[in-house]
Amino acid sequence: FDALQLLCSWKYINRMELNQIERYTLNLSTVGIEVNNGGFHQYFSNSSGDDWDIILWGLQESKDQDGLRRFKEVLAVFPGAQPYRNRIHRGRQLDSLGEAQWKAFDSFDKDYYDHPFPDFDKSWALIVSRINEFHPVWPEEPGKK
């Protein structure tokens, strides 16, 4: 998993296109990192929340029904359960909640701390089932184009 995440990180840093499974692999740990550090408010306030849609996709694809249900409940804090993928616009969505934004995720945070998601075993099974979709990038040989 770490090697695949490193590959996806390298591609992202070098502004290379990532397909869905590569995006999911890259973003899989960000939910846990952000939520454990400051709750779902922090996840959606930071750039990690830009990729909430790929987490939703991965939960659906991996058949993680419990995680999917719970993440949809978190998303329902936003109008139409559709946070913007842009951090600035998403921040405005949160700001529109006023002071309530600071409590809106509390029950979801507690639930997450007691039972985190996505289910790594289901996510790993999804990643392995689509391993052929990972595209390593090889540097060009000097003098060849």
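## Exercises on a predicted helical model

The largest cavity has a lining made up of F40, R70, E73, V74, F108, D111 and F117. The model is predicted, so that local features need pLDDT of at least 70 and side-chain atom pairs count only at pLDDT 80 or more, while totals for chains, interfaces and linings use all residues. Residues are numbered from 1 along each chain as its sequence is written, and side-chain values use heavy atoms, with hydrogens and water left out.

**Exercise 1.** Describe the largest cavity by its volume, its lining elements and the classes of its lining residues.

*Solution.* Begin with the search itself, which over the whole structure finds 1 cavity of 30 Å³ or more. On a 1 Å grid over the protein atoms alone, a cavity is a set of points where a 1.4 Å probe fits but cannot get out, a pocket is an open set with protein on both sides within 12 Å along at least five of seven lines, and lining residues have an atom within 4 Å of a point. The largest cavity holds about 30 Å³ of space, a volume being the space filled by probe spheres set on the grid points, which are joined across faces, edges and corners. Next, assign the lining to elements: α4 and α6 (106-114) each supply at least two residues, and α4 gives the largest share, 3 residues. Helices here are DSSP runs (H or I, at least four residues; strands are E, at least two), numbered from the N terminus. Finally, the lining divides into 4 nonpolar, no polar and 3 charged residues, where Ala, Val, Leu, Ile, Met, Phe, Trp, Tyr, Cys and Pro count as nonpolar, Asp, Glu, Lys and Arg as charged, and the others, Gly among them, as polar.

**Exercise 2.** Work out how helix α2 packs against α4 and against α5.

*Solution.* Two packed helices are described by the angle between their axes and the distance between the axes. Helix α2 (residues 20-45) meets helix α4 (residues 65-75) at an angle of about 70°, with the axes 12 Å apart; axes are lines fitted to C-alpha atoms, for helices over the stretch in contact, and angles run from 0 to 180 degrees between N-to-C directions. That makes α2 roughly perpendicular to α4 (under 35 degrees is roughly parallel, over 145 roughly antiparallel, 65 to 115 roughly perpendicular, the rest oblique). The contact (heavy atoms within 4.5 Å) is made by F40, Y43 and F44 of α2 with F71, V74 and L75 of α4, which by class gives 6 nonpolar, no polar and no charged residues.

Turning to helix α5 (residues 87-95), the angle with α2 is about 135° and the axes lie 8 Å apart, which makes α2 oblique to α5. Here H41, F44 and S45 in α2 meet R87, R90 and L94 in α5, and this contact has 2 nonpolar, 2 polar and 2 charged residues.

**Exercise 3.** Locate T30 in α2 and relate T30 to the largest pocket.

*Solution.* T30 belongs to helix α2 and is buried, with a relative accessible area of 17% (buried is under 20%, exposed over 50%, partly exposed in between, with a 1.4 Å probe and protein chains only). Leaving aside residues up to four places away in sequence, T30 touches Y43 and S48. The largest pocket has about 190 Å³ of space, and its lining includes T30 and S48, along with Y12, L26 and R85 among others. The elements giving two or more residues to this lining are α1 (2-13) and α2, and by class the lining has 3 nonpolar, 5 polar and 3 charged residues.
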